[in-house]
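Trainee: Please take a close look at the aromatic residues in this structure and at what surrounds them. I would like one connected account.

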Amino acid sequence: VVFVHRQLCALKHNCLYCSLFIAKGGTTSLTLSMASSASPETYLFEDKPLDDYENKMMGTLRKKFAGRDGAISDSYALMFVRGYRNEKKPEEETLKKYEEMLQTRSELKIDKILDSYPEGYEKYNEIYKIGILGNTKEGRPVYYERLGLLTPKAVNEFGYEKFKRCHIRMQEEIRVRKEILSRKMGYVTKPNKI
């Protein structure tokens, strides 16, 4: 299932969404935010202050892709800056992957994907056994997957392109919900003015 997700992943790398898919089958249920009892060290990276390298790269991304990345939030862009920091040439790799992501989002019209449901969206949720189950008492969405129940036969019968479109829509919905929740809870670090 991890392989299938990475084939469908709009970012085409080990993105936040891909990390949600790493499980050993069965039913997976997770909350898209840290529990209130979690220590500060375990919070998602968003509340960590940006260092000089990160501020510089955020400025570079925003200048180089001005006008093309208007729908990309600072926390989404920061995933690229921090995610590719340990590569041999982190600046080059970050710019390359960020540009690929923007190109993919443009080709697949991801910025508009939440405006409506793709054809077969309900059937997709039946086949894939995923969705947002509800919210915790704190208002955090609970996302679940029954990874072991997805079969290649079901995907083939449903149609790969429809499956891909529905999957991207679900992942974009989760990303947007997570960002809204992070802002609401104060876990977002803003880059310095450039």
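Mentor: Tyr 98 is buried, with a relative accessible area of 0%. The model is a predicted one, and it holds 10 aromatic pairs. In one of these, the ring centres of Phe 65 and Tyr 98 lie 5.2 Å apart and the planes are at 50°, so the pair counts as tilted. Phe 65 belongs to the loop between α3 (52-64) and α4 (74-83), while Tyr 98 is in helix α5 (residues 90-107); the two are 33 residues apart, and the pair links distant parts of the chain. Phe 65 is buried too, at a relative accessible area of 1%, which is under the 20% cut-off.

Next, the aromatic cluster. One cluster is made up of Tyr 117, Tyr 121, Tyr 124, Tyr 128, Phe 158 and Phe 163. Several of these residues also take part in a helix contact: from α6, Tyr 121, Tyr 124, Asn 125 and Tyr 128 meet Phe 163, Cys 166, His 167, Arg 169, Met 170 and Glu 173 of α8. By type, the residues of this contact are 6 nonpolar, 2 polar and 2 charged. The axes of α6 (residues 121-128) and α8 (residues 160-185) come within 10 Å and cross at roughly 85°. The two helices are therefore roughly perpendicular to each other, since that term covers 65 to 115 degrees.

Definitions and conventions: Residues numbered from 1 in each chain as written. Predicted model: local features only at pLDDT ≥ 70, side-chain atom pairs only at ≥ 80, totals over all residues. Heavy atoms only, no water. Axes fitted to C-alpha atoms, helices over the stretch in contact; angles between N-to-C directions. Helix = DSSP H or I, 4+ residues; strand = E, 2+ residues; numbered from the N terminus. Parallel < 35°, antiparallel > 145°, perpendicular 65-115°, else oblique. Contact = heavy atoms within 4.5 Å. Nonpolar A, V, L, I, M, F, W, Y, C, P; charged D, E, K, R; others polar. Phe/Tyr/Trp six-rings, centres within 6.5 Å; stacked < 30°, edge-to-face > 60°. Buried < 20%, exposed > 50% of the residue type's maximum accessible area, 1.4 Å probe, protein only.
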